[in-house]
Amino acid sequence: METNKNILIIGNGGREYAIARSLRQDKRVKDIFLSPENPAASLYLKAKSFSYETYQELLQYVREYHISLVIVGPEEPLINGISDFLESHNIAVFGPSSQNAKLEGSKAYMKQLITELNIPTAMHKEISLDTINEGYKFIESLSLPIVLKASGLCAGKGVLIINSKEEAKTKLQQMLTGELFGEAGKIVVIEEFLDGYELSIFALSNGKEYTVLPACQDHKRLLDSNKGPNTGGMGAYSNLPRNLYNKTLESKIKDRILTPTFQALSDSKTPYKGVIFAGIMVVSGEPYLLEYNVRFGDPECEVLLPLLETPLLEVLESCVKGEKLNNIRFKNLCSVCVVMTSSDYTKNEKSNCYPAKIEFHENLQTQLQNDINVIDSQSHVVFANTSMKNGELYANSGRAIIAVGMGNTLQEARDNAYCLTENIIFEGKHYRKDIAYQAL
């Protein structure tokens, strides 16, 4: 097997740090590059970095540093065609084409496709400013609460769940005029509210076949008990108990949702290669598709990768090369992650106390220095949004740090994650105290 491989990860958040951490444990990997830089990855994972302005400049760096695989973390570069460009220059890249990335880039497009395929989803209507009166009528026809989704990209924050029809009409008008969410909100999908529980389902596809990864559950709301505004994600966990996810439910998701989607894309001469995320709502044991994302979720990626027993490099290269995916192994463990944010996360007015210096308990500082050599530790830290000053790390405004706990049971994994959060201190630190509550 080829060794001394150089890997480039596009993106510098928690998801990309988790990918770099997993790859760093592979002896075949020589250098890991992140673009742009994640300062904590440079410090603790010995990652290198560079920035680029154009795809042509990116290509020059890929060739200069002898990059053998490019992994695209966030959705925006995928929608903008980074995979198409790299593949056209014979660069191996993990991430779908821009055509397939429209599944996330346009909720309107995604809804049109799955409606044509008879994939179960919420009753919905696509609205533009020209058809706003139809939107008002549709809102009147729905029971409360009402869901409004910006069709474009909003970093996971473009979904409003509203308990008043008058407020829903007001927010719809604000979205369509660009007052809310800018250009991303100028097409809105109005949906009925499905009352159930959500699952995050990830599938890896090599363009010919796919395999489903262990199910996760994400916590989108800012506050405990699922209150407060939607966020990019406040925590996640896996493996799920059988009352939330089992083989029967998995078969329904595959047969009714994933298989028809992959088959339709293949029939359209745009076979899907990469990872796809299906946001599922389970209502009375029946799965409904809420959305597709075209990359690993964040923070779901942070709980999935520590469970992976097969080397991540092998998994990603199999997808890129179109090789078999049926030998992917996962540890029989549970994992929980807790996201620590700044106090001003989701607020319009930003605090002037960020960046805020991060302090670690002495034992944790030692663990961080040895992190890449401690593969089986019960907990570890993922750095999402930090900066460096005078050799010390600072938490930036937003989702800053993720505490990941592992264990033989979900309770043990959860305890390990929350124990870790107590050993990390920065001004205004906020985190939910009830991650994995639905399972526990």
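1. A charge is taken to sit over a ring if NZ of Lys or CZ of Arg is within 6 Å of the ring centre and within 35 degrees of the ring normal. In this predicted model, Lys433 meets that description: its charged end sits over the ring of Tyr431, 4.4 Å from the ring centre. Lys102 and Tyr109 provide another case, with the charged end of Lys102 placed over the tyrosine ring at 4.3 Å from its centre.

2. Aromatic pairs number 15 in the model. In one of them, Tyr17 and Phe383, the ring centres are 5.6 Å apart and the planes stand at 70 degrees; the pair is therefore edge-to-face, since the class requires an angle over 60 degrees. Tyr17 belongs to helix 1 (residues 14-24) and Phe383 to strand 21 (residues 379-383), so that the pair links distant parts of the chain, 366 residues apart. Tyr17 is buried, with a relative accessible area of 0%, and for Phe383 the value is likewise 0%, which makes this residue buried.

3. Ring pairs join Tyr17, Tyr44, Phe360 and Phe383 into a cluster.

4. Phe50 is in the loop between strand 3 (48-49) and helix 3 (55-64), while Tyr65 is in the loop between helix 3 and strand 4 (67-72); the two residues are 15 residues apart. Phe50 is buried, at 6% relative accessible area, whereas Tyr65 is partly exposed, at 26%.

5. The structure contains 19 salt bridges. Side chains of opposite charge can pair when their charged atoms come close.

6. Arg295 and Glu104 form a salt bridge at 2.6 Å, N to O. Because Arg295 lies in the loop between strand 17 (286-293) and helix 11 (300-304) and Glu104 lies in helix 6 (residues 98-105), this pair ties together parts that are 191 residues apart in sequence. Both Arg295 and Glu104 are buried.

7. Glu191 and Lys111 also meet through their side chains, in a salt bridge of 2.5 Å, N to O. Glu191 is in strand 9 (residues 188-192) and Lys111 in helix 7 (residues 107-116), so the bridge ties together parts 80 residues apart in sequence. Glu191 and Lys111 are both buried. Elsewhere, salt bridges that share partners join Asp26, Arg28 and Glu314 into one network.

8. In soluble globular proteins, nonpolar side chains tend to be buried together. Here the largest nonpolar core has 120 residues, and those with the most contacts inside it are Val70, Leu103, Ile201, Tyr292, Phe383, Ile424 and Phe426.

9. The surroundings of Phe426 may be examined in the structure. Leaving aside residues up to four places away in sequence, Phe426 touches several residues, among them Met340, Tyr354, Ile358, Ala395 and Ile401. Its contacts also include Thr341, Ser342 and Lys357. A second, separate core has 18 residues, including Ile139, Ile146, Ala150 and Ile190.

Technical notes: Residues numbered from 1 in each chain as written. Heavy atoms only, no water. Phe/Tyr/Trp six-rings, centres within 6.5 Å; stacked < 30°, edge-to-face > 60°. Helix = DSSP H or I, 4+ residues; strand = E, 2+ residues; numbered from the N terminus. Buried < 20%, exposed > 50% of the residue type's maximum accessible area, 1.4 Å probe, protein only. Salt bridge = Lys/Arg side-chain N within 4 Å of Asp/Glu carboxyl O. Core = buried A, V, L, I, M, F, W, Y, C linked by side-chain atoms within 4.5 Å. Contact = heavy atoms within 4.5 Å.
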